[in-house]
Structure formats: structure tokens, C-alpha cells
Amino acid sequence: MFVHKDRPFVFEKLEHLKGRVGLKPLGGSYGQAFDSFVAENKSSFVSVAAHKATFEVNVQVARALT
């Protein structure tokens with residue numbers, strides 16, 4: 001998980017991710033609970049083809065938000 005150092009947030013449960021943008025590897029899984037959460041909140045998550053692409057998109061999103 002990447003978080004802007006000037007905008008930290010408390011993450012204790014998946015519901016804390018609602019309203020946030022997330023990336024995950026295409027076809028990847030972080031367990032049933034996370035996968036179910038992503039399925040229910042599709043608009044908040046983008047699937048990317050590779051881990052390198054995930055990092056690059058994170059950097060682009062972070063730059064756009066600052």
C-alpha cells in the first residue's frame with residue numbers, strides 16, 4: 001500500500017478503503033475477503049497487467065493528486 005506521506009490514514013479494516021483509489025495486479029488475489037471487497041467496489045480499483053505497471057500508475061496518480 002502506498003500513501004502520500006502528508007495524508008496518512010488509519011487502515012484497520014477493508015471498509016477504510018471505501019472512497020479511495022486502488023490498484024491490483026490483473027488476475028491477482030489478496031485473499032477472499034479483499035477480492036470480495038474489490039468486486040463490490042469496482043469503481044475504486046483498477047487492475048493493471050504487471051507489478052511494474054502498478055508502481056508506475058501509482059506514481060502518476062500521486063503526481064496528479066498533489
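## A quick tour of the model

The protein's mean pLDDT is 78, and 83% of its residues reach 70 or more; pLDDT is the predictor's confidence in each residue, from 0 to 100. This is a predicted model, so local features need pLDDT of at least 70 and side-chain atom pairs count only at pLDDT 80 or more, while totals for chains, interfaces and linings use all residues. Residues are numbered from 1 along each chain as its sequence is written, and side-chain values use heavy atoms, with hydrogens and water left out.

**Confidence**

- Helix 1 has the highest confidence, at a mean of 87, and helix 2 the lowest, at 70. Helices (H or I, at least four residues) and strands (E, at least two) are DSSP runs, numbered from the N terminus.
- Where pLDDT is low, the predicted coordinates should not be read in detail.

**The core**

- Leu17, Phe34, Phe37, Val38 and Phe45 make up the largest nonpolar core. Such a core is a set of buried Ala, Val, Leu, Ile, Met, Phe, Trp, Tyr and Cys residues joined through side-chain atoms within 4.5 Å.
- Helix 1 (residues 32–40) gives the most to this core, with three residues.
- Leaving aside residues up to four places away in sequence, Phe45 touches Leu17, Gly22, Leu23, Phe34, Phe37 and Val38. Contact here means heavy atoms within 4.5 Å.

- Phe34, Phe37 and Val38 are the buried residues of helix 1. Down the helix axis they fall within an arc of 100°, so they line one face of helix 1; the arc is that of the directions from the helix axis to the C-beta atoms.
- Buried means under 20% relative accessible area, exposed over 50%, and partly exposed in between (1.4 Å probe, protein chains only).
- Strand 1 (22–25) and strand 2 (45–48) are among what covers those buried residues.
- On the face turned away from the buried side, you'll find the exposed residues Gln32 and Glu40.

**Rings**

- One aromatic pair turns up in a search of the whole structure. Tyr30 and Phe34 have ring centres 5.5 Å apart and planes at 85°, so the pair is edge-to-face. (Rings of Phe, Tyr and Trp, using its six-membered ring, pair if their centres lie within 6.5 Å; planes under 30 degrees apart count as stacked, over 60 as edge-to-face and the rest as tilted.)
- Tyr30 counts as exposed at 52% relative accessibility, whereas Phe34 is buried at 15%.
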